Amino acid sequence: MDATIRLTVDGTAHEVTVDTRTTVLDALRERLGVTTVKKGCDHGQCGSCTVLLDGRRHLTCLTLAVAQDGAEVVTAGGLGEGEGLHPVQQAFLDHDGYQCGYCTPGQVCSAVGMLDEAKQGHPSHVTEDLEGDTDLTDDEIRERMSGNLCRCGAYAGILAAVREAAQA
Amino acid sequence: MRELTYVRASSAQEAVEAVTADADAMFLGGGTNLVDHLKLGVARPGRLVDVSRLPLDEVETRETPDGPVLRVGAAVRNADLAAHPLVRSGLPALSRALLAGASGQIRQQASTAGNLLQRTRCVYFQDVTTPCNKREPGSGCSALEGYDRYNAVLGASEHCVAVHPSDMAVAMVALDAVVVVLGPEGERRLPVADLHRLPGDAPQRDTTLARDELVTAVELPLTDLAARSTYRKVRDRASYAFALVSVAAALRMDGDTVADVRIVWGGAAHKPWRAELAERALVGQALDEDTVAAAVDTELATARTSEGTAYKLPMLRGTTAHTLTTLATTEDA
Amino acid sequence: MSTETVEQTPTPITPRSVGTALGRVDGPEKVTGAARYGVEHHGEDGLADPLYAWLVQSTVAKGAVDAVDPAAALAHPGVVAVLDHTSAPRLEDTDDGELAVLQDARVHFRGQVVALVLAESVEAAREGAALVEVGYAAEDHDARFSADGATYRPDSVNPAFDTDSDQGDVDAALEAAAVVVEGEYSTPHEHNNPMEPHATLARWSDGDGDEVLRLVDSTQAVHGVASTVAPLFGLEPGQVRVTAPYVGGGFGSKGMPHASTVAAALAARAVAPRPVSLAVTRQQMFALTGYRTATVSRFRLGADTDGRLTAVEHRAYEQTSAVKEFAEQTAVATRMMYAAPNRRTSHRLAVLDVAVPSWMRAPGEMPGIFAHEVAMDELAEACGLDPVELRLRNEPDVDPESGKPFSIRRLPECLERGAERFGWAERSAQPRSTVDGDWWVGTGVAAATYPGYRMPGNAARVTALEGGRYDVAIGCVDIGTGARTVLTQIAADALAVEPADVDLHIADTSLPSASVAGGSSGTSSWGATVVAAAQAFAAAHGDAPEPGAEVVASADDDPLSGEHVFHSFGAVFAQVRVHRWTGEIRVPRLLGVYSVGRVVNPTTARSQLLGGLVMGLSAALHEESVRDPRFGHVVTQDLASYHVASHADVLDVDAEWLEESDDEFTPMGSRGIGEIGIVGTAAAVANAAYHATGVRVRSLPVTADRFLEVDR
Ligand SMILES: Cc1cc2nc3c(=O)[nH]c(=O)nc-3n(C[C@H](O)[C@H](O)[C@H](O)COP(=O)(O)OP(=O)(O)OC[C@H]3O[C@@H](n4cnc5c(N)ncnc54)[C@H](O)[C@@H]3O)c2cc1C
Ligand code: SF4
Ligand code: FES
Ligand code: FES
């Protein structure tokens, strides 16, 4: 069964015909040719496919495209202003927060979404006082970024990058 | 994944009617469990009725004759529920359980109803090339003599030894939550404690709901005890992993003795396991490592373990003792 | 490439950019997602509009395919074709049982490829694969690994080491030893799980041009893929063009092509000239793309009362697959690690009806040194010695096996420097003696080693461009190691220009041949080749060449046949906390101090070493592929049930290195850093867990349940 939906991806509006079974991830990668979002597991278990969907970090592999008609998707390719890099991306470069780069677009999108959650005062699993303020300690950053696996083990650099972006 | 029809329901009533009318239809929430199962071939619906956009996304307090309750719409996302000020202050076990589950991304997508109704993570259930009574009744249970590190020690049957994987549900049982359900015959309510069932000889049925019953809300009493609750999860990774065991607990002390206590275990059974025998054994007792261990052991008297799950008994004992003694200390403070 | 390859003996370069922290030259592409990996190239010329391939896997572990019924699959909208062993194109060469995809009816392991579906969309391909009906004549299989069942003696172990070794008289020495430690140590099956699943985009040209088969493959060696795949199809390597501009990790699993690459090529041939996109699923990777075999190591150590080893015996038991042999060299590092006059090692395999094991980061060293270094911890205790001191006392003057001197062996300095940084002096001698709140706390140490490898078969091309710039080309692959960056630096120094003046081209078989990104040999092998080419270029054209001047050269030095042996060393220190109520284990500190030759780029090197430490930590705490022997396949076959370390598991991890230069090994003075970080790490963690709790864990992973009886 096909369906035609509208998706705005990194600022560009698209009308795309998808199968009702098509995930947002496959709609982006295979139908729209947007490969700035990666597929590491296709089952919600790695975070590589993270984008900002209507402003929230979101796993595109577990989301059917038909259910997101009209959504606004921002991938790592659309985070920066124009040609420039988003500060989180620059921080990843500055702290070598990656090696192979495959988890990286998901990491940076996740970091941007996570910083926004923290700004809204969301607590995390490691927050001692649920009613207190959100203070992005190293342990908080690690926990909040744990939905993004990095098999290259670039966590130290990712932590440093996100810490810097959080302080900016 | 079969070819399927997608419909976005515009009202709860319409959603129920759509699923009632088509034996092949299923509700779709955030999709984080169902879409996974579509790909694995574990679920093969011909029609998805999307209920994630229904106006069931409010969190509000209501006064009832029994006191105030927090009513949580079925479509409220896990992240929003965990961060809600009233949950953080009045139902800390719920907030902690949600935050201990899945990942930041998944919690942004997952709905309250979907979380309750997610299915077991038993590896054989998810692998359609192996026998599994839950997936294919009568085919056998591969876990019985297979990999069962994550499986049940209480209430299991010879037909299925799977556990329910939800952290949130464990906290909800400890908090006396009630689930509000809309079916073809209208609305009904049942305690979350009665929502999930033990496998018995019908492990294909996780819950007591009919397939066309729609969860519309969960109601949580805002009590003193609920405000003194917490959730402790033990897992194989520090984050982003399902529970080996978990404990949702609430505690009220009267001086040095236990006045009221709730103990519910996750990772132990096919449903959140309310340790009522342990609770009863503790009331009126001093709270220390030994009294908790003894109380837990009364509950574990009926436990059955294998080589792969034997560790769960000392882990439940230790985690329960740690959780309760920690709660008692914060009580003092 | 018409230019003839000249042989050149590289001489040491003067480091200018080498040794500095040049940022990754491909960083911006990676952080924006613009970098394109395996199957992300179908927007390109000739690769557009592919058919999607989906592999169908066997559901029996041994037997034969009776019949494949494609009818239901073909009836599914969008499905174009179903290939099975009767309909797939024939291969010219089927000697390699892993790569002889769809060539006969035999099933050698559960999860083997038995059919393949081609469809117009991913969704149709997936469903088509579910609809293919495969009938089997199943036979009894054996997929249960036990050390006692491992009796087969391979001719050699990976890559070409002697299976056994025996020096002196181990039995007599053990008989006479004042202290004997005897133990069995084991490691589970582990899967590499690079973040990018194996993926191939393939197109077969129907014409008779030079390039018959075009592949974009997620591989650690484009030339290796071409030279392996070409003969299967009766082609010359030059008729297969392989590129791999970006590769999302490999850790050994992409070191050689697996069945999926061949399947993609077969499928492309069947539907030529339509391209085919084949992405292996994460679950399929657990059967099809290699893994580290489980190992059991039986150790006997004999020592005098001062802790000086008199005998070392390491008997390794592992498994391989019936369809293709791979013998992990688990006991090989034991041959050179410590001084002991009497030493014996052996490898025995169980040959099972299971998926084909292969390379995973530090094959041999990782499981073998885990066993050895936990045994050393036990020996230290038995001798009443500090574990650092025990190792210092057993430093050999020369390689105990060959009698040759090491080019550089600075293990003692690694241990001493690490001990100093870690505050080792304050450590209590008594295990289970430190409590912090609800946690037992302890520290542990382990040594690490990895050999220096230089691979043959490399050549590089240097071409002068306008404006004093150079084009440097070598067909190697950057799988995340930073090769693109460090080779730019090496070329710049060798050509005496700035890195910005070097236009480096890699990852394409149309470029000069390069060896695999594996065995920590990449920078050494390719770097020496680039230096050779630059020096040959300078000799031929001077330092003000005409644009267009070109040299292709390979390095003809052969350090490994010289008078030294080459090994890197390291010392790993871990602090562990074990929760006294729940058994949860955490590693708040992990430090590795290494001697690895000159570090070409401190940024990328640090990331490589940390990455190794993190993978070692992950192996220590989490990783285990559970095979269900009744079925024959791994049932923890995804990233939710096969845990790799998440961010929250990785706390303070640090690496440092000693300043040095191994000029004899490479003209850069470097020796290789990709694997050593994973070596010894799990032992340091297990030893620290013992120090924390008094519970000796001799098998990985070290999980919470191991400690639960501790406190009650
Ligand atoms: C990698 C990974 C790790 C995870 N880790 C954890 C964890 O540690 N702890 C934990 O608790 N969970 C964990 N989860 C599970 C996650 O919490 C669930 O997938 C999620 O809560 C399901 O919510 P959903 O809205 O996405 O449900 P969906 O996937 O949309 O639906 C799940 C089920 O509920 C039904 N359904 C949905 N809405 C309704 C309704 N209103 N009425 C009736 N039926 C309905 C659907 O038909 C379906 O059967 C993990 C998931 C993944 C992928
Ligand atoms: S335990 Fe239950 S879910 Fe698991 S295999 Fe057995 S029947 Fe299936
Ligand atoms: S690809 Fe979506 S989480 Fe892994
Ligand atoms: S950079 Fe390779 S997986 Fe994270």
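Over all chains the count comes to 12 aromatic pairs, where rings of Phe, Tyr and Trp (its six-membered ring) pair if their centres lie within 6.5 Å, and planes under 30 degrees apart count as stacked, over 60 as edge-to-face and the rest as tilted. One of them is tilted because the rings of B:Tyr124 and C:Phe631 have planes at 50° and centres 6.1 Å apart. B:Tyr124 lies in the loop between helix H7 (112-117) and helix H8 (167-174) of chain B, while C:Phe631 lies in the loop between strand E27 (627-628) and strand E28 (633-634) of chain C, so this pair joins two chains. Here helices (H or I, at least four residues) and strands (E, at least two) are DSSP runs, numbered from the N terminus. Both B:Tyr124 and C:Phe631 are buried, that is, under 20% relative accessible area, with exposed meaning over 50% and partly exposed in between (1.4 Å probe, protein chains only).

The model is predicted, so local features need pLDDT of at least 70 and side-chain atom pairs count only at pLDDT 80 or more, whereas totals for chains, interfaces and linings use all residues. Side-chain values use heavy atoms, leaving out hydrogens and water, residues are numbered from 1 along each chain as its sequence is written, and chains are lettered from A and ligands numbered from 1 in the order in which they are written.

Ring pairs also link A:Tyr102, C:Tyr37 and C:Tyr246 into a cluster. C:Tyr37 and C:Tyr246 are both buried, and C:Arg484 lies over the face of C:Tyr246, at 4.7 Å from the ring centre; a charge sits over a ring if NZ of Lys or CZ of Arg is within 6 Å of the ring centre and within 35 degrees of the ring normal.
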